[in-house]
Amino acid sequence: MRTPLIAGNWKLNGSRVAARALASELADANPVGEVELLVCPSFTLLSAVHDVLDGSPVVLGAQNLASEPKGAFTGEVSGDMLVECGCRYVIVGHSERRTLFGESDADVARKVAQALASGLTPIVCVGESLAERDSGRAPDVVRGQLDGALSGLSDAQLAACVLAYEPVWAIGTGRSATPDQAQSVHADMRAWLSARSASAAHAVRALYGGSVKPDNAGALFSQPDIDGALVGGASLVGQDFLAIARAAAA
């Protein structure tokens with residue numbers, strides 16, 4: 001059975017004081033069951049949050065990484081640098097990176113390769129826009145993004161990834177996919193994995209991301225192919241994030 005993963009993407013939010021306080025609240029919370037908790041602060045907050053989380057069950061991740069291991073790439077942060085900060089996970093290909101910063105599937109593939117080479121677990125994001133969903137193209141869009149980002153990986157590398165389905169139209173809008181809509185795409189992702197590697201299809205955790213909150217988490221997690229959540233705004237409120245984690249444990 002796959003252990004649920006609840007990942008908090010803090011995005012461009014938080015000071016050192018606020019980040020340490022939130023991390024402390026999570027680290028000091030009562031156990032929430034067989035669930036893995038992950039937080040992904042901004043780069044400048046990683047070391048401060050790691051100091052608070054060190055020795056706790058909550059693990060640390062980053063929101064992005066460079067597509068190169070080192071060199072003349074001003075403003076970039078490599079996978080090895082993230083590992084030195086205590087990271088175990090990194091988000092790759094988030095829709096905001098794709099739409100606001102022009103990241104292509106090829107860019108995502110290079111970042112996945114760098115994450116794996118550094119020993120990080122990439123959380124590989126896929127998802128369709130509202131126009132693509134309304135036109136009935138959502139399955140093709142998601143499969144295309146999976147092909148573009150992951151088709152060059154070995155079975156072992158593929159099994160070392162986490163997938164996150166985040167419909168673009170549900171991110172930061174307060175609107176969430178219904179459990180049936182989310183399950184349909186998750187089942188399709190699992191079928192994509194099965195066609196390439198039975199072991200990866202069994203091992204890979206698939207998260208849902210898109211306005212996940214305590215009041216809709218339970219219905220989402222009741223679906224057979226949803227193994228957790230990539231949480232945005234609700235991850236900035238400690239009790240909300242923990243309530244989502246408890247829903248996954250239940």
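This section describes the overall fold, the surface and selected residues of a predicted model.

The secondary structure of the chain consists of 12 helices and 8 strands. The radius of gyration is 17 Å, close to the 18 Å given by the globule rule for 250 residues, so the chain is as compact as a globular protein of that length. The C-alpha trace spans about 45 × 45 × 35 Å along its principal axes. Among contacts with a separation of 6 or more, 72% are between residues 24 or more positions apart.

Of the 250 residues in the chain, 50% are buried. The accessible surface amounts to about 10700 Å², and carbon and sulfur atoms contribute 52% of this area.

T74 is located in the loop that runs between strand 3 (59-62) and helix 3 (79-84). The relative accessibility of T74 is 82%, and T74 is therefore classed as exposed, the threshold for this class being over 50%. T74 and A198 are 124 residues apart along the chain, and their C-alpha atoms are separated by 40 Å.

Q145, by contrast, is part of helix 7, which covers residues 138-150. Its relative accessible area is 10%, so Q145 is classed as buried, a class that requires a value under 20%. When neighbours within four places in sequence are left aside, the contacts of Q145 are with R98, D105, V126 and G127.

The cysteines were considered next. The structure contains 0 disulfides. C40 takes part in no disulfide, and the nearest cysteine sulfur to it, belonging to C87, is 7.5 Å away. This separation excludes a disulfide for the pair because the sulfur atoms would have to be within 2.5 Å. C40 is buried, with a relative accessibility of 0%. C161 is likewise in no disulfide; in this case the nearest cysteine sulfur is that of C125, at 12 Å. C161 has a relative accessibility of 3% and also counts as buried.

How values were computed: Residues are numbered from 1 along each chain as its sequence is written. This is a predicted model: local features need pLDDT of at least 70, side-chain atom pairs count only at pLDDT 80 or more; totals for chains, interfaces and linings use all residues. Side-chain values use heavy atoms; hydrogens and water are left out. Helices (H or I, at least four residues) and strands (E, at least two) are DSSP runs, numbered from the N terminus. The radius of gyration is taken over C-alpha atoms; the globule rule is 2.2 Å times the number of residues to the power 0.38. Buried means under 20% relative accessible area, exposed over 50%, partly exposed in between (1.4 Å probe, protein chains only). Contact means heavy atoms within 4.5 Å. Accessible areas come from the Shrake-Rupley method with a 1.4 Å probe; for residues, only the protein chains shown count as cover.
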